[in-house]
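Colleague: Please take me through this model in a few questions and answers.

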Amino acid sequence: MERREVLKFTALAGATGVFTLAPVSFAGAEPAGAGAQDSAPAAEETRTVTGHLPTGVADFVYLPVNVPHGVREIAVSYTYDRPAVPVGTVGNACDIGIFDQHGTALGGKGFRGWSGGARTAFTISAEQATPGYLAGPVSPGTWNVVLGPYTVAPQGLDYSVTITLRYGPRGTTPAPTYPPQHAKGRGRAWYRGDCHLHTVHSDGQRTPAEVTAAARAAGLDFINTSEHNTTSAHSVYGPLAGDDLLVLTGEEITTRNGHYLAIGTDPGVWFDWRYRARDDAYARFARKIRGAGGLVVPAHPYGIFPASQWKFGYDQADAIEVWNGPWGPDDELSLNTWDNLLTASTRGDGHWIPAMGNSDAHREPQVVGLPQTVVLADGLDRAALLAGIRAGRSWLAESSDVQLAFTATGPHGEHAGIGERLVVGAEDVVTVRLEVSGVPGVPVGGGVFGAQVRLMTDEGQMFATQLAPSGGAGSVEWRTTASLAAYVRAEVRHPVTDGGVSGLPGAVAALTNPMWLNVR
């Protein structure tokens, strides 16, 4: 970036540094020329700003826009170059969004939308806005177009931003149609949900209507809106929810040091993403999410894309997304990390962090509900579901075809289910029982092999067997004591189909949160 282009280098209070460019000004809708009373006011004005960002530029580059009175709509478009780079070197990728006259303070009131790199243009007026952006008056003052140079090539990044202001009557902003916070449900029961989904309101290709249709087809009872860094979809889901499908509102917060989900937050409440692990911000926003009634859930901790690996630790997490989309090596790493956290939680006050599974589906053919989290809740409502997830009364499945029951029983009638604690004598025999169905066998080589059941404790795998290849159903019993196993959890895995080349066990079809065995 040339020094003459930069107005100032500053920092968002407690957050990462930003560059601020010289402001863009408009003449406004005034008659052209002094005393030209018969001249018609300008219908619109356009300005284009070009520049260059070097490698190492700050995470966010602000372009102030001085918006005069009388503006009906603001339209922004942008382009940037994508030069060839050597193999193994990142190229150019630049996100975009906007803040209004309320300013750019971290977590402040100025946020008006974000589309990341999903689109090259957007418009905002009182009456409507491009998905990802919030409709509302285009009030006078200093707005800020925000460029987010996600990765920058060694040659740097050349950009061009065009801003158009259209003048006229302001118009009226429609009232939001937020989804209800409860549905009919089945009383205390197991409810299936997918809490990580994307639509055209961020970088997905499905509409909200298509997502809700896919959720119903997958046999889900609830979903959570989780667009990247924006709440614009919250206001459109009201008519799409129903007694058969609860829609929670939330956000996927995509920082430069990992992504995390805000699940089941108050409708319309937005959470900032403009910080790194080195900044004093994440814990504050985690508290804000819980203050808005939601859960904090690190997403795909070992994501394969730049900035998607989780770097903030797990002290603030209410759950961890250990399974994201079709099972892969990154999920295996997440599962191992989570299991280590379970073992660590056997010390101290006993607090532990449950596991979740979500599809992160963006477009066809990605499957909504692969995987899903099955939650034991008192009803199909926001408070009951979040309480079930937070308590770990849940298990994960690849589809609604999979059914599972997992219990632990002591010698005197003591019993516990998933996420619960069984208190027994140190040497009392505890019977662990797993019942599973809906996981048929898979052809491997010349035969058909059934799914593998693994029972895992703080010592690792302590028992394994195979389900019958036909029908994909079966039951398993195993006995242990609280002195030998601090917890027991179950995994149901498909047979290995690569001949063992990867060295990894088969893909997960279902896994449970633990049952805890405590010594009386």
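Colleague: At about what angle does helix α2 run to β17?

Modeller: Helix α2 (residues 282–291) lies across β15, β16 and β17, contact meaning heavy atoms within 4.5 Å. Helices (H or I, at least four residues) and strands (E, at least two) are DSSP runs numbered from the N terminus. With axes fitted to C-alpha atoms, for helices over the stretch in contact, and angles from 0 to 180 degrees between N-to-C directions, α2 runs to β17 at about 135 degrees.

Colleague: What pLDDT do local features need?

Modeller: Residues are numbered from 1 along each chain as its sequence is written, and side-chain values use heavy atoms, without hydrogens and water. The model is predicted: totals for chains, interfaces and linings use all residues, side-chain atom pairs count only at pLDDT 80 or more, and local features need at least 70.

Colleague: Which are the edge strands of the open sheet of 3 strands?

Modeller: The order is β15-β16-β17, with antiparallel pairing; two strands pair if DSSP finds at least two bridges. Strand β16 (residues 258–263) is joined to β17 by 4 bridges, and A262 has V296 as its bridge partner there. The strands that pair on one side only are β15 (251–255) and β17 (295–298).

Colleague: Which element supplies the largest share of the largest nonpolar core?

Modeller: This core has 42 residues, with I253, Y260, W273, Y275 and Y282 making the most contacts inside it. Such a core joins buried Ala, Val, Leu, Ile, Met, Phe, Trp, Tyr and Cys through side-chain atoms within 4.5 Å. The largest share, 4 residues, comes from α2.

Colleague: How many residues does the other core have?

Modeller: It lies apart from the largest one and includes V61, V67, V71 and V145. Its size is 34 residues.

Definitions and conventions
Buried means under 20% relative accessible area, exposed over 50%, partly exposed in between (1.4 Å probe, protein chains only).
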